[in-house]
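Subject: Structure handover

Hello,

Here is the structure I promised to pass on. Please open it beside this email and follow along.

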Amino acid sequence: MFCPAVRSGYAAERSRELAVEHALLSGDKVAAARLATAAAVPTLYGGRGATVERWLSSFDARGMAAYPPLAVIAAWAHLLLGRAGEADAAADIAEHATHHGRPADASASFESQRAMLRALMCRRGPREALADATLAVAAEVPGNLWRTNALW
């Protein structure tokens, strides 16, 4: 049996990938979604895109809609991995979702997280992309990974 205390120990020890694997194996999709959201971008930037793809394949549209920050992260990951169709599908889920509270990826808010994705994808044109980027830059604090992404 997989134990939440063990999973949180993995996360606390910065073994984020192990924590995601543990949650997925235990069938705890809610915990897995939060943990995958927190671990995906550092894992991608660390050159382990196949790991992130495997995690994301564990979630269908309903699973992403249950934790919308994961849909934003999925779209971001799919873009970086050259999967435009999957990125559009995940972005559609994020676009129609609401989420209260701070996302597990340490971005300032779901609105900021989603604004960065909108700006990156430029789905609503350049004026809206600039407005979205401006919102994200204002929301994200210096020193945070997401501040760098917002500035980009």
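Just after helix 2, glycine 27 takes up a positive phi of about 85 degrees. Keep in mind that this is a predicted model. Helix 2 itself covers residues 16-26. Which of its residues are buried? They are Ala19, Val20, His22, Ala23 and Leu24.

Most residues other than glycine have a negative phi. Alanine 106 sits in the loop between helix 7 and helix 8. Its relative accessible area is 36%, so alanine 106 is partly exposed. Cysteine 122 also has a positive phi, near 50 degrees. You will find cysteine 122 in the loop between helix 8 and helix 9. Is cysteine 122 buried or partly exposed? Its relative accessibility is 36%, so cysteine 122 counts as partly exposed.

Salt bridges

How many salt bridges does a search of the whole structure find? It finds ten. Here are some to look up.

Start with glutamate 17 and arginine 48. Their side chains meet in a salt bridge, at 2.4 Å from N to O. Glutamate 17 belongs to helix 2, while arginine 48 is in the loop between helix 3 (29-45) and helix 4 (49-56), so the pair ties together parts that lie 31 residues apart in sequence. Glutamate 17 has 26% relative accessibility and counts as partly exposed. Arginine 48 is partly exposed as well, with a relative accessible area of 34%.

Next, take arginine 123 and aspartate 92. These side chains also meet in a salt bridge, 2.4 Å from N to O. Where do the two residues lie? Arginine 123 is in the loop between helix 8 and helix 9 (126-139), and aspartate 92 is in helix 7. The pair links distant parts of the chain, 31 residues apart. Arginine 123 has a relative accessible area of 40% and is partly exposed. For aspartate 92 the value is 35%, again partly exposed.

Then there is glutamate 128. It forms a salt bridge with arginine 124, and the closest N and O atoms are 3.6 Å apart. Glutamate 128 is partly exposed, at 37% relative accessible area. Arginine 124 is partly exposed too, at 44%. Both residues belong to a network of salt bridges. Glu95, Arg118 and Asp132 are linked in that network as well.

The cavity

Now look inside. The structure holds one cavity of 30 Å³ or more. The volume of the largest cavity is about 40 Å³. Which residues line it? The lining is made by Ala91, Ala94, Glu95, Arg114, Leu117, Arg118, Met121 and Arg123. Two elements give two or more residues each to this lining: helix 7 (84-95) and helix 8 (110-121). Helix 8 supplies the largest share, with four residues. By type, the lining has four nonpolar residues, four charged ones and no polar ones.

Some names come back here. Glu95 and Arg118 line the cavity, and both are part of the salt-bridge network. Arg123 lines the cavity too, and its side chain is the one that meets aspartate 92.

The surface

Tyr45, Leu80 and Leu145 make a nonpolar surface patch of about 270 Å². Leucine 145 lies in helix 10, which runs over residues 145-151. Its relative accessible area is 32%, so leucine 145 is partly exposed. A residue must have over 30% relative accessible area to be part of such a patch.

One last stop: glycine 46. It is found in the loop between helix 3 and helix 4, the loop that also holds arginine 48. At 43% relative accessibility, glycine 46 counts as partly exposed. How far apart are the C-alpha atoms of glycine 46 and serine 57? They are separated by 19 Å, and the two residues are eleven residues apart along the chain.

Find each residue in the viewer as you read.

Best wishes

Methods
Residues are numbered from 1 along each chain as its sequence is written. This is a predicted model: local features need pLDDT of at least 70, side-chain atom pairs count only at pLDDT 80 or more; totals for chains, interfaces and linings use all residues. Side-chain values use heavy atoms; hydrogens and water are left out. On a 1 Å grid over the protein atoms alone, a cavity is a set of points where a 1.4 Å probe fits but cannot get out, and a pocket is an open set with protein on both sides within 12 Å along at least five of seven lines; lining residues have an atom within 4 Å of a point. Grid points are joined across faces, edges and corners, and a volume is the space filled by probe spheres set on the points. Ala, Val, Leu, Ile, Met, Phe, Trp, Tyr, Cys and Pro count as nonpolar, Asp, Glu, Lys and Arg as charged, and the others, Gly among them, as polar. Patches are made of residues with over 30% relative accessible area and no salt bridge: like charges are joined within 9 Å, nonpolar side chains (Val, Leu, Ile, Met, Phe, Trp, Tyr) within 5 Å. Accessible areas come from the Shrake-Rupley method with a 1.4 Å probe; for residues, only the protein chains shown count as cover. A salt bridge is a side-chain nitrogen of Lys or Arg within 4 Å of a carboxyl oxygen of Asp or Glu. Buried means under 20% relative accessible area, exposed over 50%, partly exposed in between (1.4 Å probe, protein chains only).
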